Amino acid sequence: MAWLQEDQIPKSTSRYTKLDEGETRLRIVSEPIAGIEAWQYKKPIRRRRSEPFTKEEVLSFDTPKYGDKVKEWIACVVYNYNTKQVELWQIKQKSIISQLQSLTTDSDFPELFDLKEYDIKIIREDGDKVEYTVKNFQPKELSEEIRNEVESTKVRLDALYDNGNPFEG
């Protein structure tokens, strides 16, 4: 018997998907949006890709520990089976984005073209360099319980562009 019953385990307080070492199982439940992001005074500034930052703005941004000052991202709403809640997943890792894209373009498996039709598993392996592997499951319907939670949780992805809270309003 488990030490805690399933309903005794506290839910995560964050509504943003965090990929910890090991496996995270997700179901994408929205269409993605794409943007660019930089940090200024330790706060994110996000925009649509079609609205690039000016040279003056880029010069004023914080210098990151790694990589470029301006990073591209995509975001979508997911159901996270690990945390048992609807979350916003902002994906900045190019390896994850390219693996997700390859799932939707493999002509040998046209049933996988829509990422909302099946669960995915992200495997994070920590080491000298963090590596991510994306695996898919067979297409299946969402359970009624999960579908109800998705429908009752309002997430405004566009709020990211205004640095707003996607879970408000």
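1. **Basis.** This is a predicted model in which local features need pLDDT of at least 70 and side-chain atom pairs count only at pLDDT 80 or more, while totals for chains, interfaces and linings use all residues. Residues are numbered from 1 along each chain as its sequence is written, and side-chain values use heavy atoms, with hydrogens and water left out.

2. **Overall.** The protein has 3 helices and 7 strands. Both are DSSP runs numbered from the N terminus: H or I of at least four residues for helices, E of at least two for strands. Their order from the N terminus is β-β-β-α-β-β-α-β-β-α. Of the 169 residues, 33% are buried (under 20% relative accessible area; exposed is over 50%, partly exposed in between; 1.4 Å probe, protein chains only).

3. **Strand β5.** All 7 of the 7 residues of β5 (residues 85-91) are buried, so the strand is largely enclosed by the rest of the structure. In a regular strand, side chains alternate between the two faces of the sheet. Here both faces are covered: Gln85, Glu87, Trp89 and Ile91 are buried on one side, Val86, Leu88 and Gln90 on the other.

4. β4 (residues 71-80) pairs with β5 in the antiparallel sense over 7 bridges; pairing requires at least two DSSP bridges between the strands. Valine 77 has leucine 88 as its bridge partner in β5. The hairpin leaves 4 residues between the strands, and lysine 84 in the turn has a positive phi of about 60°.

5. **Cores.** A nonpolar core is a set of buried Ala, Val, Leu, Ile, Met, Phe, Trp, Tyr and Cys residues joined through side-chain atoms within 4.5 Å. The largest has 17 residues; Ile28, Trp89, Ile96, Leu100, Ile120 and Ile122 have the most contacts inside it. At least two residues of this core come from each of β1 (22-28), β4, β5, α2 (94-103), β6 (120-125) and β7 (131-136). A second, separate core has 14 residues, including Tyr79, Ile146, Val155 and Tyr161.

6. **Helix α2.** Its buried residues are Ile96, Leu100 and Leu103. They lie on the same side of α2, because their arc around the axis is only 55° (taken from the directions from the helix axis to the C-beta atoms). Their cover includes β5, β6 and β7. Beyond its neighbours within four places in sequence, leucine 100 is in contact (heavy atoms within 4.5 Å) with Trp89, Ile91, Leu115, Ile120 and Val134.

7. Among contacts between residues at least 6 apart in sequence, 58% join residues at least 24 apart.
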